[in-house]
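Please look over the chain below. A short report on selected features follows.

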Amino acid sequence: MKKYARFLSGALTLVLVSSSTSYAWNGRGHMMVAAVAYKKLTQQTKNRVDALLLLNPDRDNWFDLIPEGTSVARQKMMIFMIAATWADRIKSDPDYHTDGTNNGNTPPNDPSASQNIGYDDLARHKYWHFIDLPFTQDNTPLVPIITPNAQTQINAFRAVLASNSPDALKSYDLSWFLHLIGDVHQPLHCTTRVGATQPKGDDGGNGAKLTTSPGNLHSFWDGVIGKGNTPSTALNAISTLPNAPASAANDLDVGHWINESFEAAKQTVYKSPIGAGAGPFTLNQAYKTTARKLAEKRIALAGARLAKILNEELR
Ligand SMILES: [Zn+2]
C-alpha cells in the first residue's frame, strides 16, 4: 500500500473501530491464537508458513508493527500473528471493496460470494467471518442459516492447504484460515438470537446494546481478552492462557468447534444480566470475569487446533 493509502486506511480503521462493527476477537485475540499455534509448529511447518506468507501483498506493511531490533525468528512469529488479522485489515483497506448487502454482512447472490481465486479478489467477504446459527428464548421462528459462511470457507481453505494447489492461492487461503479459526471460537461468531422484537436475529449480539462502552454485546466479547493490539503485547498475553486439554485440542472437526461456540453463547453469553430484546443491558463484574475466562479457554483451544491442522495437513 502506498503511504497516502496507508494514512487513509489508518483513519478509516479509527472510524470503523469506534463505530464498533463486527470484528471478532480484536487484533489482540487473533494474534494470541496465532502465537499459541506458532509455538507448537514443527520447524518444517514454520518454514512452509513463512514461505507462503511472503506472498501476502500487505506483508511489507506488517513490519511497521514489529519493534526494531526484534530477532529474525521472533519477526517470523510476529508476521504469522499479524497475518491472522489480515482478513480484518482489508475491511479498512481502500484497495478493497465491501461486497454483498447489509453493510457486507449478507453475501451477494452470485458465485462471487464463495469464489476462491486468491489475492486478485479485492472483495472483503465480510460474511465469511461468522456463521449465524439461530436460537430463541421465546419460541420465535428460527431464521435459515446463510451460506457461504465461516464454516464453508474454513472447509474450502483447509482442502486447498492440503492439496497441490499453487502457492499463491495457498497464501491467500492460509491468511484467511488463520483468521477464521479464531473467529469461530468466539461464541458470538456462531450465533444469532431471534426474539419477539428481533425476529431476524440480533446479528451475533451487535443488536444487544450495553449501557457502557463498548456499546453492544458483540464488541464486548471481541474485546474481552484485553487491550493492546501490537504483536508484542499479544505475545506477552499468551503466558496467562490455560493449556488446552488434549482431548479437545485433538478434535479437528470444524462443526464441533462451531457447536461448542453456539452452546457457549446459549449457556454463558446470553445470560443475566443480558435479558430479552435489544437492551440496553448493564454487565456486572461476575459476568465480565466469566466471559474473560471463557475467552481465554477458547483462544488457547483455537491456537492448539490451528497448529495441529497445519502440522498434519499443510503441504
Ligand atoms: Zn473476523
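## Alanine 83

Alanine 83 touches Leu53, Trp62, Ser175 and Leu178, leaving out residues up to four places away in sequence. This is a predicted model. Alanine 83 belongs to helix H5, residues 72-83. Is alanine 83 buried or exposed? Its relative accessibility is 0%, so alanine 83 counts as buried.

Asparagine 56 is 27 residues from alanine 83 in sequence. In space, the two C-alpha atoms are 8.4 Å apart.

## The nonpolar core

The largest nonpolar core holds 85 residues. Phe80, Leu217, Trp221 and Leu310 have the most contacts inside it. Helix H13, residues 285-313, gives the most to this core: eleven residues.

Which residues is leucine 217 in contact with, beyond its neighbours within four places in sequence? They are Leu188, Gly205, Ala208, Leu210, Val269, Tyr270, Ile274 and Tyr287.

## Helices H7 and H12

Two packed helices are described by the angle between their axes and the distance between the axes. Here the pair is H7, residues 150-161, and H12, residues 254-269. Their axes come within 10 Å and cross at roughly 150°. An angle over 145 degrees counts as roughly antiparallel, and H7 and H12 are therefore roughly antiparallel to each other. The crossing of H7 past H12 is right-handed.

H7 brings Gln151, Ile154, Asn155 and Arg158 to the contact. H12 brings Val254, Gly255 and Ile258. By class, the contact of H7 with H12 has three nonpolar, three polar and one charged residues.

## Backbone exceptions

Most residues other than glycine have a negative phi, and most peptide bonds are trans. Some places in this chain depart from that.

Where are the cis bonds? One runs from serine 213 to proline 214, with omega near -10°. Proline 214 sits in the loop between strand S2 (191-194) and helix H9 (217-223). Another cis bond links serine 272 to proline 273, with omega near 10°. Proline 273 lies in the loop between H12 and H13.

Positive phi values turn up at two asparagines. Asparagine 102 has a phi of about 55°, and asparagine 103 has one near 60°. Asparagine 102 is in the loop between helix H6 (86-89) and strand S1 (133-136). Asparagine 103 is also found in the loop between H6 and S1. Asparagine 102 has a relative accessible area of 44%, so it is partly exposed. At 46% relative accessibility, asparagine 103 is likewise partly exposed.

Note on methods:
Residues are numbered from 1 along each chain as its sequence is written. This is a predicted model: local features need pLDDT of at least 70, side-chain atom pairs count only at pLDDT 80 or more; totals for chains, interfaces and linings use all residues. Side-chain values use heavy atoms; hydrogens and water are left out. A nonpolar core is a set of buried Ala, Val, Leu, Ile, Met, Phe, Trp, Tyr and Cys residues joined through side-chain atoms within 4.5 Å. Buried means under 20% relative accessible area, exposed over 50%, partly exposed in between (1.4 Å probe, protein chains only). Helices (H or I, at least four residues) and strands (E, at least two) are DSSP runs, numbered from the N terminus. Contact means heavy atoms within 4.5 Å. Axes are lines fitted to C-alpha atoms, for helices over the stretch in contact, and angles run from 0 to 180 degrees between N-to-C directions. Angles under 35 degrees count as roughly parallel, over 145 as roughly antiparallel, 65 to 115 as roughly perpendicular and the rest as oblique. A crossing is left-handed if the near helix is turned anticlockwise from the far one by less than a right angle, and right-handed if clockwise. Ala, Val, Leu, Ile, Met, Phe, Trp, Tyr, Cys and Pro count as nonpolar, Asp, Glu, Lys and Arg as charged, and the others, Gly among them, as polar.
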